[in-house]
Amino acid sequence: MAVTACSAPGASSDAGAGGDTTLVLYNAQHEDLAQAEVDAFTAQTGVKVELRNGDDSELGNQIVAEGDASPADVFVTENSPAMTLVASRGLLAPVEAATRDQVPAQYQANDGSWVGWAARATVLPYDTRVLTAAAMPASILDLADPAWAGKVGIAPGGADFQAIVSAVLSLRGEQATADWLTGLKSNARIYQSNSAVMKAVDAGEVETGIIYHYYWLKDQAEGAPNSANVALKYLGNQDPGAFVSVSGAGVLKSSRHPEQAQQLVAFLTSQRGQEVSAQSTNLEYTVASGVASNPALRPLAELGAPAVDLTALNGPQVVTMMQNAGLI
Ligand SMILES: [Fe+2]
């Protein structure tokens, strides 16, 4: 008899432990993956999350500009340089130890300011009609060689490409990176996105390019509408072109809901959060709580990725160097 009397309109979904809390998540990851994570988090905790979507450097710079007045409770990125930018300004609260314990050391900031929750592998897509894996360069740096003039597609305006440049910079130093960018400027055709680069390889506009693994895997899973003529070269051998980029998550020091914000970062790296990622069509790598990635992915341990100090990856310097090279 009393049941209906309790159900005030709109109040029923607030009955969980999260009460009326709504976290603001500045999200630079792919929106579908972030939304799937947030939906699972809200179902588990009752804490609601409002997504504000943008790209890595846009949202990183926005948080820096907003400072302590930022409405963001949590920041999630596609790649780590934007995370490092925000951390370098002292705007992140330390991630709780129990959350850090869920993530292997190579996938989190060594100062405890943020943790990785997904990862992506750098690959070179190539046109199987004109190239074989053996004919591909041994290093990503070789794409600056005149032999590749006009044959390379890149998306230099995107955060993904800029993260790869930050790895080259960290591993090979400023001069080698500047020379590489200059070579790419003369060799490469410019595209708006990684998907467009892959499509251009498929169409025979360019012979190869630089992208992350999941663009190809997703397209293959959908019947290869834009990658039927494309295979992937994994460079391995600790080459900068075998760089594995880490998607970060951190809690803003200025968050008005620090407890729930920590809960969200804990969830992203938890077994459940990692399973959401592994089961999504996004096809990025899982990195935490021992959850295996989708079996379609070449195992992380087999990629021969170079060891990179994530906190040393410098987004602003990369942007300046790419501007100097005329790539952006
Ligand atoms: Fe991406």
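Tutor: Start with contact: it means heavy atoms within 4.5 Å. Leaving aside neighbours within four places in sequence, N282 is in contact with H30, D32, L33, Y214 and K218. Two ground rules follow. This is a predicted model, in which local features need pLDDT of at least 70 and side-chain atom pairs count only at pLDDT 80 or more, while totals for chains, interfaces and linings use all residues. Residues are numbered from 1 along each chain as its sequence is written, and side-chain values use heavy atoms, with hydrogens and water left out.

Student: Where is N282 found, and is N282 buried or exposed?

Tutor: Helices (H or I, at least four residues) and strands (E, at least two) are DSSP runs, numbered from the N terminus. N282 sits in the loop between α11 (271-279) and α12 (315-324). Buried means under 20% relative accessible area, exposed over 50%, and partly exposed in between (1.4 Å probe, protein chains only). N282 has a relative accessible area of 2%, so N282 is buried.

Student: Which residues coordinate the iron ion?

Tutor: Donors are N, O and S atoms within 2.8 Å of the metal (3.2 Å for Na, K and Ca); water is not among the atoms, so sites may look incomplete. Here the iron ion is coordinated by H30 (NE2), E78 (OE), D160 (OD), Y214 (OH) and Y215 (OH), at 2.0 to 2.5 Å. The sequence spacing of these donor residues is H-x47-E-x81-D-x53-Y-Y. D160 lies in helix α6 (residues 159-172) and Y215 in helix α9 (residues 213-221), so this pair ties together parts that are 55 residues apart in sequence. D160 is buried at 6% relative accessible area. Y215 is buried too, at 13% relative accessibility.

Student: How many salt bridges does a search of the whole structure find?

Tutor: A salt bridge is a side-chain nitrogen of Lys or Arg within 4 Å of a carboxyl oxygen of Asp or Glu. The search finds five. One of them pairs R120 with E78, with the closest N and O atoms 2.8 Å apart. R120 lies in strand β5 (residues 115-127) and E78 in the loop between β3 (74-76) and α4, so the pair ties together parts that are 42 residues apart in sequence. Another joins R120 and D160 (3.3 Å, N to O). That pair links strand β5 to helix α6, 40 residues apart. R120 and D160 are both buried. A further bridge connects R129 and D127 (3.0 Å, N to O). D127 is buried, with a relative accessible area of 4%. Shared partners join E78, R120, D160 and E284 into one salt-bridge network.

Student: What are the domains of the chain?

Tutor: Domain bounds come from an automatic or database domain assignment. The assignment gives domain 1 (21-119 + 244-301) and domain 2 (121-241 + 314-324). Their C-alpha centres lie 26 Å apart. The contact takes 17 residues from domain 1 and 14 residues from domain 2.

Student: How do I read the interface?

Tutor: Buried area is the accessible area (1.4 Å probe) that two parts lose on being put together, summed over both. Domain 1 and domain 2 bury about 1,300 Å² between them, 61% of it on carbon and sulfur atoms. In domain 1, P81, L283 and R298 lose the most area to domain 2, together 29% of what that side buries.
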